[in-house]
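Q: I am new to this structure and would like to learn how to read it with care. Could you take me through it one feature at a time?

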Amino acid sequence: MSLKTKVIEKAKDLGMTLVGFANVERWEDSDVSYVPREFFPHSIWDWSRTVIVMAVPMPLPILETTPSVMYSELYATSNRLLDETAYRIGLFLNNLGRRAFYFPRDCYGDLSVLVKKPEAAFSHVVAGKYAGLGTIGFNHALITPEYGPRLRLVSVITDAEIEPSPLYDKELCIGCGVCGKKCPKQAFTKREHGIIADMDKVKCAEHHVTLKGEMRAPCGICTLVCPVGEDRKMYGNNAITKTGASHVQDFGANV
Ligand code: SF4
Ligand code: SF4
């Protein structure tokens with residue numbers, strides 16, 4: 001059995017839904033500068049050869065309640081599952097003689113830090129794109145065919161050379177702009193060119209500070225309202241309007 005198959009089987013046994021592989025050259029090859037060079041995996045650890053990206057979905061019925069204690073609990077639980085699984089996958093690779101460890105999901109310490117400097121130490125969204133899980137949408141989230149942007153991600157960085165997953169050759173974001181329209185802080189501004197919006201990350205972080213004070217962070221509305229994703233079929237196209245989520249009432253034909 002190949003190392004790639006072993007990792008996929010292990011990750012799925014541990015509860016991961018999506019698993020993809022990116023060779024670090026993909027950060028070099030990109031024609032779009034998503035991240036500065038110092039944030040490349042091989043800038044952080046020069047023995048990095050492959051980034052393994054894993055994801056779990058955010059079920060729509062819970063996301064529909066956002067901002068809520070219920071979604072806040074889901075967020076915390078999914079983060080624990082992702083970190084623990086990524087730790088285990090790193091140890092699994094170590095036991096096979098490969099250097100590896102996981103990069104925790106958020107890694108900013110506290111929201112007050114994000115307000116001052118809204119930068120992630122490592123972008124799992126970019127890693128997810130390079131690992132063939134999806135493309136980056138208007139809302140800066142990873143858009144996947146299976147769950148749209150409604151998932152959480154974590155990455156394992158290893159020196160093992162593993163065949164990379166194929167990339168999507170077209171954007172999965174349909175550019176409908178619903179995420180921008182429904183953002184309570186109007187944090188997104190449409191760019192003249194390209195799919196991805198300009199984002200006021202400080203406005204978003206400040207909103208999260210407020211929600212955290214109310215014990216119902218994070219927000220996630222820009223992922224909830226996205227019409228992309230097979231998960232909508234599981235719950236019904238109009239399921240999101242049934243739980244009192246007034247911010248999703250004008251989906252119209254996009255859902
Ligand atoms: S998480 Fe909420 S506040 Fe932040 S950009 Fe998305 S919709 Fe706006
Ligand atoms: S809501 Fe529309 S514009 Fe926003 S990420 Fe989804 S498809 Fe793209």
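A: Let us begin with a term that we shall need, for helices here are DSSP runs of H or I with at least four residues, numbered from the N terminus. Please keep in mind throughout that this is a predicted model.

Q: Which helix gives the most to the shell around ligand 1?

A: A residue belongs to such a shell if one of its heavy atoms lies within 4 Å of the molecule. Here helix 9 gives the most, with three residues, and both helix 9 (201–213) and helix 10 (221–224) supply at least two residues each. The residues that surround ligand 1 include Cys-183, Cys-204, His-207, His-208 and Cys-222.

Q: How do the residues of the shell around ligand 1 divide into nonpolar, polar and charged?

A: In the shell around ligand 1, eight are nonpolar, three are polar and none is charged. For ligand 2 the shell divides into nine nonpolar, three polar and no charged residues, and among its members are Phe-138, Asn-139, Cys-173, Gly-175 and Cys-226. The space that ligand 2 takes is the largest cavity.

Technical notes:
Residues numbered from 1 in each chain as written. Chains lettered and ligands numbered in written order. Predicted model: local features only at pLDDT ≥ 70, side-chain atom pairs only at ≥ 80, totals over all residues. Heavy atoms only, no water. 1 Å grid on protein atoms, 1.4 Å probe; cavity = no way out; pocket = protein on both sides within 12 Å on 5 of 7 lines; lining within 4 Å. Sits in = over half its atoms within 2 Å of the grid points. Nonpolar A, V, L, I, M, F, W, Y, C, P; charged D, E, K, R; others polar.
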